[in-house]
Amino acid sequence: MIDRAWELADLDHVSNKRDFGALLRNVGTATAPKWERTDAHHGAPFTEAFQICDALRQNVVRAVDFDHDGKTDLLAGDCDGFVWCFKNRTNRLFPIFSAGKRLSAGGKPLSLAGSQGHARPDVCDWNNDGRIDLVVSDGAGTVTVFLNEGAKAKPALGPGRKVKGLDADGALRPIDRGTRSHVMVCDWDGDGKKDLIFSDQDNPGFYFLRNVATDAEPRFAAAKRLALRPYVRPNLGCFVDWDGDGRKDLIACKFEHSIRFYRNVGSNEPGSEPVFSDPDGVAIVKPYSIMMISGADVVDWNGDGDLDVLTGQGHGGSGIRFYERDYIQDCLNDTHPAVSVTSFQRAGPSFLDVVRRYADTMIEHGRDTYGPQKSGLLLSALDRLRLKPLEIRPAPPGGIRRGDRTGLPWRRLTGANPQLDQNLLRVLYVLSEITANPRYREVADQEIRWFFKNTRSRSTDLLPWGEHMSWDVILDRPISSGTALTHEFARPWVLWDRTFQLAGESARRFALGLWNHQIADHRTGAFDRHAPYDRHGPRDGRDFPRHGGFYIHTWAYAYKHTKEKTFLRAIETVLGRFERKRSTPKGPMQATMGPLDVHTAASMVPEPLASRLREFARVEDQLILDHLRKQYGRPDGTWSFRPTWQAGYASGVTADWAMFGWARYRQARKKAFRDLVAAVADAYVGTLPDEDVDVWPMSFSHVISAQVAAYKLTGRSVYLEQARRFARMAVEIFFQDSPLPRASFKTGHYETITGADSLALSLVEVHAAIHNLKVSIPANTIDR
């Protein structure tokens with residue numbers, strides 16, 4: 001039982017120890033418990049019986065030999081406004097610190113509680129008398145200097161005095177800026193005088209306060225904002241030569257999220273300010289969980305010749321953390337060593353290795369070798385431990401309906417659905433290109449060839465794929481998880497060119513079947529997205545617009561490969577239907593089919609139909625953007641998206657809009673779609689899904705691909721860094737110890753209805769972006 005009392009502190013009696021956490025041992029009986037507080041020597045849970053350096057939560061640390069005994073001590077400010085000293089009792093390499101003691105100033109406990117607490121200290125020789133002084137910012141936005149009036153070996157801080165600077169009117173006043181401020185003392189412009197770098201919660205970004213007096217008696221100019229991209233709760237920070245190029249760089253923090261390196265590429269001339277190569281910087285420390293970053297000090301902590309990082313703790317606890325430079329570099333470069341019996345190996349597979357294991361496992365264990373017909377089709381569900389067809393019907397992932405799964409109702413999932421595995425087929429083609437191994441391509445070719453030639457309905461030429469149907473590899477027949485064999489697209493089929501090469505006549509007959517047996521009225525274009533697979537029976541009902549786009553997309557490829565005018569008529573008919581439905585006298589125009597499929601179709605048909613399709617897409621662009629601006633737009637024209645993770649039937653996640661924007665930008669090169677991609681990617685930076693959400697692989701894949709797309713559009717490294725972070729997380733969460741990803745956070749089996757194939761494609765995208773591969777990676781934009 002843990003006594004969680006670390007929120008409590010007696011500010012009126014600051015000499016009292018602040019309660020943090022303890023083990024309360026029951027020294028009574030089970031029915032009459034009696035609790036006794038227990039320390040580390042009697043079983044409290046502290047590693048190796050040593051208590052952590054408890055500097056309380058939201059602390060900021062500085063490593064300095066405060067008493068000049070040759071050993072590095074720690075000074076840390078806490079959120080209550082106190083500054084603690086942890087004296088090093090051993091040595092530099094293996095330091096063990098005394099219990100923390102609050103510093104005093106002027107004979108009284110040093111307390112900034114009256115200035116809203118949140119003491120953020122820095123150390124320097126403020127008045128050039130050879131002694132270490134303390135400069136502390138606070139929660140109110142002021143800065144106090146405590147001069148050391150003692151001896152070097154026995155520091156004694158004098159009373160605090162407010163540091164002054166020029167305000168906007170040129171008057172010299174105590175510095176008074178925003179809340180929860182943070183100050184750093186350094187010679188920022190190389191003129192030999194101490195300047196201040198400042199941040200706070202109310203003024204986004206970092207600010208330079210230039211020393212306009214002398215080095216021994218500093219006074220400061222009005223704050224000037226640095227040319228760095230701002231974020232909420234900025235923290236400082238050190239001004240050090242991190243990359244060894246002779247120029248001092250800025251190390252700063254996004255509170256609780258990351259420590260960032262801003263590389264200085266300036267002239268380094270005396271009197272010149274730093275110039276930074278990337279306004280976003282590069283995250284050099286980013287813990288798996290937030291709440292573990294509060295300020296940063298950069299020193300050679302263990303005397304090995306390179307700069308390391310120390311940081312405090314946010315809301316999540318009170319410890320002070322040390323990050324060795326080698327560890328930081330391993331995190332950045334994914335080069336963690338792992339010790340084995342005989343050799344050193346990389347700690348984990350690369351993203352490409354993960355995808356290859358997935359593909360190899362599906363080829364070896366996930367293809368149809370069952371029943372009378374050994375089709376070689378990829379199963380759409382498997383047991384991840386046995387690598388065999390499921391023997392039971394597992395509970396579905398969150399948001400998945402019974403009637404959409406690849407199995408008979410209430411029976412095990414033994415179906416193959418190439419539409420749900422389409423991105424896996426695309427990955428197989430890419431793997432052959434990357435690895436020069438034709439096996440991957442051959443497996444994808446065999447799937448397409450066999451499926452189109454052998455599974456079409458004899459009555460309608462429709463296929464058992466998509467939303468409700470699949471091919472049962474045990475029974476060797478089409479099945480549905482519903483009560484009828486119902487044909488419905490789940491996503492567009494984007495492999496038509498390859499399909500016509502492999503099974504041209506079968507592809508042609510399917511396209512004709514789509515016209516003859518899905519479209520109920522060839523005059524008006526009326527249809528229902530549902531049509532019987534095994535008999536003629538189209539109806540006029542739920543003509544969902546996106547399905548109209550899928551049909552037009554199909555017929556355009558059919559015309560491209562056959563030149564049959566029937567397909568042009570089919571396109572004109574369905575296009576006309578949605579031109580009419582979009583423009584009604586009852587109200588404003590509304591988007592229907594969207595621009596993506598009709599724009600693609602326009603490139604394959606003759607005029608004037610091609611221009612008509614492009615114009616339709618242009619108007620759809622405007623209608624969709626107008627709709628999005630009403631939902632997510634700000635008055636200044638920027639976007640305000642909220643990152644979401646839960647997908648389900650007929651609902652997606654916010655990242656889906658980035659996939660739409662990326663697909664449309666690739667077609668039309670419109671700035672609005674470029675901005676849309678970046679805005680959605682920004683919304684996910686630094687976020688995590690809630691633990692109670694049953695997240696799908698598809699949701700992660702779109703978040704990852706959104707970051708990759710934003711990186712390709714802007715060149716900003718922050719997006720590639722986020723793509724890597726989300727990709728690593730996805731590998732850990734979904735693949736775990738299996739070569740196959742699980743269907744969701746809360747399930748343990750493999751089932752592609754939730755986008756395992758899209759996750760694989762997104763991992764290939766990240767690999768290609770990291771290594772700057774020249775191989776063409778298909779866009780992860782078909783889940784719509």
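Tutor: Start with burial: a residue is called buried when its relative accessible area is under 20%. This is a predicted model. Trp645 has a relative accessible area of 6%, so Trp645 is buried.

Student: What is the relative accessible area of Phe726?

Tutor: Phe726 is at 0%, and is therefore buried.

Student: How are the planes of Trp645 and Phe726 arranged?

Tutor: Planes under 30 degrees apart count as stacked, over 60 as edge-to-face, and the rest as tilted. The planes of Trp645 and Phe726 stand at 55°, with ring centres 5.8 Å apart, so this pair is tilted. Trp645 sits in the loop between helix H9 (609-632) and helix H10 (655-668), and Phe726 in helix H13 (residues 717-735); the pair thus links distant parts of the chain, 81 residues apart.

Student: How many aromatic pairs are there by this rule?

Tutor: The count is 41 aromatic pairs. Phe527 and Phe578 form a tilted pair, because their planes are at 55°, with the ring centres 6.2 Å apart. Phe527 belongs to the loop between helix H5 (496-517) and strand S33 (531-532), and Phe578 to helix H7 (residues 565-582), so the pair ties together parts that are 51 residues apart in sequence.

Student: Are Phe527 and Phe578 buried or exposed?

Tutor: Phe527 is buried, at a relative accessible area of 0%. Phe578 also counts as buried, at 0%.

Student: Which ring does Arg325 lie over?

Tutor: Arg325 lies over the face of Trp242, 3.6 Å from the ring centre. Arg177 lies over the face of Tyr207, at 4.5 Å from the ring centre.

Technical notes. Residues numbered from 1 in each chain as written. Predicted model: local features only at pLDDT ≥ 70, side-chain atom pairs only at ≥ 80, totals over all residues. Heavy atoms only, no water. Phe/Tyr/Trp six-rings, centres within 6.5 Å; stacked < 30°, edge-to-face > 60°. Helix = DSSP H or I, 4+ residues; strand = E, 2+ residues; numbered from the N terminus. Buried < 20%, exposed > 50% of the residue type's maximum accessible area, 1.4 Å probe, protein only. Lys NZ or Arg CZ within 6 Å of the ring centre and 35° of its normal.
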